Amino acid sequence: MIDDCPKCHGTGIVKEKDGSVHTCWDCLQRGKFDVHSENVPDSKIRV
Ligand SMILES: [Zn+2]
C-alpha cells in the first residue's frame with residue numbers, strides 16, 4: 001500500500017461516494033498491494 005495514496009490514503013481500499021468499496025487500483029498497479037485478486041495479471045503472490 002501507499003501511505004500517501006490520494007485515493008485510498010494507505011488503506012488499500014477505496015470508498016466510493018455511493019458507499020461501495022473496492023481495492024485501490026492505483027496501489028495495485030504500483031505492485032505494493034498484495035491483494036488476492038484474480039484480476040492481477042502478473043501477481044507474484046498466490047493465496
Ligand atoms: Zn491506493
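This report looks at the zinc site of a predicted model and at some of the residues around that site.

## The zinc site

Let's start with the metal. Four cysteines supply the protein donors of the zinc ion: Cys5, Cys8, Cys24 and Cys27, each through its SG atom, at 2.2 to 2.3 Å from the ion. The angles among the 4 donor atoms run from 102 to 114 degrees, and the site is tetrahedral. For comparison, the ideal angle for four tetrahedral donors is 109.5 degrees.

If you want to find the donors in the sequence, look for the spacing C-x2-C-x15-C-x2-C. Cys5 and Cys27 link distant parts of the chain, 22 residues apart. Cys5 sits in the segment before β1 (13-15), while Cys27 belongs to helix α1 (residues 25-30).

Cys5 counts as buried because its relative accessible area is 1%, under the 20% cut-off. Cys27 is buried too, with a relative accessible area of 0%.

A disulfide is a covalent bond between the sulfur atoms of two cysteines. A search of the whole structure turns up 0 of them.

Leaving aside residues up to four places away in sequence, Asp26 touches Cys5 and Lys7. The side chains of Asp26 and Lys7 are also joined by a polar contact of 3.4 Å. Asp26 therefore touches Cys5, a buried residue that is one of the zinc donors.

Key:
Residues are numbered from 1 along each chain as its sequence is written. This is a predicted model: local features need pLDDT of at least 70, side-chain atom pairs count only at pLDDT 80 or more; totals for chains, interfaces and linings use all residues. Side-chain values use heavy atoms; hydrogens and water are left out. Donors are N, O and S atoms within 2.8 Å of the metal (3.2 Å for Na, K and Ca); water is not among the atoms, so sites may look incomplete. Four donors count as tetrahedral if all angles lie between 85 and 135 degrees; four count as square planar and six as octahedral if opposite donors are over 155 degrees apart and all others between 65 and 115; anything else is irregular. Helices (H or I, at least four residues) and strands (E, at least two) are DSSP runs, numbered from the N terminus. A disulfide is a pair of cysteine sulfur atoms within 2.5 Å. Buried means under 20% relative accessible area, exposed over 50%, partly exposed in between (1.4 Å probe, protein chains only). A polar contact is a pair of N or O atoms within 3.5 Å; within protein, one must be able to donate a hydrogen and the other to accept it, and residues adjacent in sequence count only if both atoms are side-chain atoms. Contact means heavy atoms within 4.5 Å.
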